[in-house]
Structure formats: structure tokens, C-alpha cells
Amino acid sequence: MPEPARSRAAEPVVPPGARTLSVLPRTPAPPPTEATLGRKPPWLKVRASLGPNYRELKGLMRGAELHTVCEEAGCPNIYECWEAREATFLIGGERCTRACPFCQIHTGKPQGYDSDEPRRVAHAVARMGLRFAVITGVARDDLADGGAWLFAESVRQVRELLPTCGVEVLIPDFRGSAEALHAVVDARPDVLGHNLETVPRLYKRIRPGFTYAGSLELLARARARLPEGCATKSNLIMGMGEEPDEVLAAMGDLRAVGVELLTITQYLQPSREHLNLQRFVPPEEFAELKQAAEALGFVHVESGPLVRSSYHAGEMHKAAVQRQAGRLPAWAAAEG
């Protein structure tokens, strides 16, 4: 059903000064640079730590017929996060209808619609004994709601089966549908994430199918509708051709729409067919970006070469609730 005019008028909008793509020039894909053709710098090397929790969770996932971003996207933090009993589930299938050139998830026509997936996610969360679960998904532009029901139902199913587990969703833009966004927000995830990923100048090349202004609009609407105790979150990726002043401006835009939580990450080129990496950002630069973000008012910032958008997800939500309400979130209080 269409929304009442009053509801639409009350929606927040993109902050003044945020540029839309209609006034931005196209940015050609840059060639690989000499600095990134050789070996990775030492700070990007990860030592596998196969602890008992990691081994247990890996075995459980093999029998659940589910996918995790931890594995599908080759996350370098899988050993640490699974050992801490935090995991990120990928719903909606293995194929995305968008074609972001930096992303390791396959692009193609999705095969079918699995309405039983939310139930299986919830049961996997319970069997894994997770303390905090992140649920993300491929873009499903082939569906009328963009896959919003799958996100909302996954949150509801986890809540019903394991009330003591915190839940974060990382969602696409649903083609700007306020109705689809509200369906997810009204399921009351602890954290609603939507990744900005890059700066306006690079959007048409790096985020085809998305718009910079549209992503900010989504985050503004989500923050206005979420209750106290819930947070909004986003991510910025370094090493794809952005300039420092552009990154600072993007962080300012995120704060202007009320985003409390931010991750800042290093792009690692999955293959020669993906977007060419432009540079490895050193750890000290990530530390400077963290300081700049905190000065802008972000409640919690994770910034580093090996950080990914779901890294320390539970700790980030804890920080947001303690700032908002001066207490621990319910899932953390139940934890002990």
C-alpha cells in the first residue's frame, strides 16, 4: 500500500551540501599501480588460529546448508570472530543482481527464492551458540521488496529462538523503497547497517546500481525510525582511488544523517578481474582516520587494514547503547 503523504513528508532527507550523482563526472577505471603489483605488506598477513570454537562453528555450518560472508568473501578475521562466537550470514542466495567491481560475491541472475532460509539461519545461530549475529544479503532486484522480507523474518526468527543473541542486519538499498526499509526496521534489529563504501566521485564506477545520495537517505530514514537502543552503521573502503579530503567529507555526511557506528577498511583485490587496487593504506593512516571519525562524533569506530564491516560487531553495538542509554544492551546483559 502507498504511504500516507504525511508520513513521506516527515521523512528526513540528505543533509544540505551532499552532492548527488547527477552532477558528478564519470571516473574511468584506473590501471593497477606499481605499489600493489607485488607482495602484500607485512601488516596484511594473518596467521590462522584454529581454536575450538572456530572448529566447532565450521563443522556446524557445513551441515546447515547456509552461507556466511566470513567464508564467501574470504574475510581475514574469520578465525577471531568465530572464536568469539560472532558470525555473518549471507541470505538471499549466492548471486547478487548488482555488479560492484570490488565485491567477491558472484553477480548473476538469482536462482529461486528460499522462504525457509530465515528459519535455518535462526537454528544455525542457536546451534552455534552465537552471542551476536550479523545478517547480510545479496541485492535482489528481481523481487518486489528487494528481499526485505528475508531480512525482517530472519531477525524475527532469531529473536524468537534465541532472545539473548544480538542481531545486526547489513542491507542493500531496496531501490529506495521506504516501505521495504520500514519492513526491516520494524523487526527491530539491534544494528541496521548500510555501507556507503566510497566517496561520491567514485560512485558510478565502484557502486553501479547504488547512489551516494540514496544511501545517505536510507540511513537517515532508518535512524529516524529506529528506537533507542538500536544503532545505524556504515563502512568506508580505502585503497580504491579516494582522496583524504573526500574521505573526511564522506564521514561528515554519515554523521549528518545520524550514523553512530563506522568501520574503515582496506580494499583487497580478490582477483585480476576485479577493480584494480590503487594503494595499500598503512596502519598509521587508519589510526588518523579513526581519530578524525571520533572527533566528528561517531560513537565507535573500527579502522584498520584487516577490519571488515562486521568486525567487533557486538562491541560496537554495546558502545552505542551505553552512549544512548547509559546501560548494556539486553543481549550483553544476559551474557553476564
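Select Arg175 to begin: Arg175 lies in the loop between strand 6 and helix 7. Helices (H or I, at least four residues) and strands (E, at least two) are DSSP runs numbered from the N terminus. This is a predicted model, in which local features need pLDDT of at least 70 and side-chain atom pairs count only at pLDDT 80 or more, while totals for chains, interfaces and linings use all residues. Residues are numbered from 1 along each chain as its sequence is written, and side-chain values use heavy atoms, with hydrogens and water left out.

Stay on Arg175. Its phi is near 55°, a positive value in a residue other than glycine. Arg175 is exposed, with a relative accessible area of 54%. Here buried means under 20% relative accessible area, exposed over 50%, and partly exposed in between (1.4 Å probe, protein chains only).

Now go to Glu197, in the loop between strand 7 and helix 8. Glu197 is not a glycine, yet it has a positive phi of about 75°. Is Glu197 buried or exposed? Glu197 is buried, with a relative accessible area of 8%.

Next, select Phe151 and Phe174. They form an edge-to-face aromatic pair, 6.1 Å centre to centre with 75° between the planes. Rings of Phe, Tyr and Trp (its six-membered ring) pair if their centres lie within 6.5 Å; planes under 30 degrees apart count as stacked, over 60 as edge-to-face and the rest as tilted. Phe151 is in helix 6 (residues 148-161) and Phe174 is in the loop between strand 6 (166-170) and helix 7 (178-185), so the pair links parts of the chain 23 residues apart. Both Phe151 and Phe174 are buried. The structure holds three aromatic pairs.

Two arginines come next. The charged end of Arg207 sits over the ring of Phe210, 3.8 Å from its centre. For Arg255 over the ring of Phe298, the distance to the centre is 5.6 Å. A charge sits over a ring if NZ of Lys or CZ of Arg is within 6 Å of the ring centre and within 35 degrees of the ring normal.

Select helix 9 (residues 212-225). Its 14 residues reach 21 Å from first C-alpha to last, close to the 20 Å expected at 1.5 Å a residue; the expected span is 1.5 Å times one less than the number of residues. Eleven of the 14 residues are buried, so helix 9 is largely enclosed by the rest of the structure. Among the buried residues are Tyr212, Glu217, Arg221 and Arg223. The buried residues pack against helix 7, strand 7 (191-193), helix 8 (203-206), strand 8 (231-238), helix 10 (244-256) and helix 12 (313-325).

Move to helix 12. Its buried residues include His317 and Lys318. Just after helix 12, Gly326 takes a positive phi of about 65°.

Leaving aside neighbours within four places in sequence, Val125 is in contact (heavy atoms within 4.5 Å) with Phe89, Leu130, Ala133, Val158, Leu162 and Cys165. A second, separate core of twelve residues includes Val299, Ala313, Met316 and Ala319. A nonpolar core is a set of buried Ala, Val, Leu, Ile, Met, Phe, Trp, Tyr and Cys residues joined through side-chain atoms within 4.5 Å. The largest nonpolar core has 68 residues, of which Phe89, Val125, Ile171, Leu192, Leu236 and Leu254 touch the most other members.

Finally, show the whole chain. The protein chain has 13 helices and ten strands, and buried residues make up 54% of its 336 residues.
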